[in-house]
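Please turn to the sequence and the structure on the screen.

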Amino acid sequence: MHGSDFSQHSEISGNEMYRLIEKLYPICRSITGNGVRDSLKAIGELIPIDTHEVKSGTKVFDWTVPKEWNIKDAYIKNGAGEKIIDFKDNNLHVLNYSIPISKKVSNEELKKHLFTLPEHPDWIPYRTSYYNENWGFCMSHNQYATLTDSEYQVVIDSELKDGHLTYGEFYKKGDLEDEILFSCHICHPSLCNDNLSGIALATYLAKFLSNQTTHYSYRFLFIPGTIGSITWLNLNEPKIKHIKGGLVIVCVGDDGQFTYKKSRQGNSEIDRVVLNILENTESSHKVIDFYPYGYDERQYCSPGFNLHVGSLSRTTHGEYPEYHTSADNLSFVKPQNLLESLNKYLLVVDALENNFSYLNMNPKCEPQLGKRGLYGNIGAGDKQPVDTMTLLWVLNLSDGENSLLDISERAGVSFDEVKRAAHALHDSGLLERK
Ligand code: ZN
């Protein structure tokens, strides 16, 4: 038997993924609180995720699970008592994790607590203050320019108190205990590419895999950035030895080219698989070596774990002006881009699931391909043709020492074609799985 084919699917559409983004977009998420719970509930309608609650104050390595933050309302009223900034219009208006406040402030004091983007005067910036108790508002620079009253009323109806950090986990058991980790952050409020796009891709990838027979087990984490992965790693140390590779899913809905950020080790199987796929399916893409900043790969690749976890995205954080602003909205991500990104992740799964070593059963000189119907561009029924040269490479290198990925790299042929060649040779009895 050879592995299953995960490169083809018909059941997932970009529109479905986009609809999940639309549903999650209005929710005010943070690193803790009901926004995360409500989001996990919506994901839970599509895949059976486990929701975990970890108490505030729990020590996780060098960190402590913070107090839980929830917010009901927030606004600024001008001297005439009119609401000029309203959290209900856009949850980015509040500095995420703002402590509660209700008081009159002078123009000067108010401005010390405001954040704007002068270079994009229509956009609202996204700002947080998780580990430093503060309050503040974010607004467009155009709105800021109209603040001429001497006094304003500020109200933030929030709560910051002992509670829990919430995260979601979906585990799909395969034949092996060895597992592949997919991780996305779930702590950003109304922001689409970073990272509702990752949540949507992870959800639909999990949904697809849940119905498949796989060799590897698959784990999906829906966690608040940084503190979530630190917490998960701390609470799950015994499981970590089973993680053979993984990807952080982020920024997968924009129009930009694909970007792969390598794992800290840089040349692990997952790194080679992703690079192989991008090289063979994209006319241009970007590859970045690991660096200790970015998303949760920072924690997975910390020296005490050093997991084979990279990150496959389109345009990465900070590389697009809409990043962390109100312009990273529902029109910035597109169903077609989400689907293209999902298809890349499916090719990754397909390669990992099929990267076996084979043995040539006729190793003394070349077997006669013609009499087996394997010579020339073979392709029966709906199967894509396999080039004779690829068959010869697979036969030559299938001495038990080379995996299909090794052969693909050496022959300069896509993994997918090498796999199809191996399957054709296997079906004709010329190859056996090692
Ligand atoms: Zn972000």
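Predicted model: local features only at pLDDT ≥ 70, side-chain atom pairs only at ≥ 80, totals over all residues.

Residues are numbered from 1 along each chain as its sequence is written, and side-chain values use heavy atoms, with hydrogens and water left out.

The structure holds one cavity of 30 Å³ or more. A cavity here is a set of points, on a 1 Å grid over the protein atoms alone, where a 1.4 Å probe fits but cannot get out; lining residues have an atom within 4 Å of a point. The largest cavity has a volume of about 90 Å³, volume being the space filled by probe spheres set on the grid points, which are joined across faces, edges and corners. Its lining includes Lys 261, Glu 297, Tyr 291 and His 317. By class, the lining residues are five nonpolar, five polar and two charged.

Let us turn to the backbone. Between Asp 194 and Asn 195 the peptide bond is cis, with omega near 5°. Asn 195 belongs to helix H5, residues 192–210; helices are DSSP runs of H or I, at least four residues, and strands are E runs of at least two, numbered from the N terminus.

His 324, not a glycine, has a positive phi of about 55°, and lies in the loop between strand E16 (309–313) and helix H9 (335–354).

Cys 365 likewise has a positive phi, near 65°. Is Cys 365 buried or exposed? Cys 365 counts as exposed because its relative accessibility is 68%, exposed meaning over 50% and buried under 20% of relative accessible area, with a 1.4 Å probe and protein chains only.

How values were computed:
1 Å grid on protein atoms, 1.4 Å probe; cavity = no way out; pocket = protein on both sides within 12 Å on 5 of 7 lines; lining within 4 Å. Nonpolar A, V, L, I, M, F, W, Y, C, P; charged D, E, K, R; others polar.
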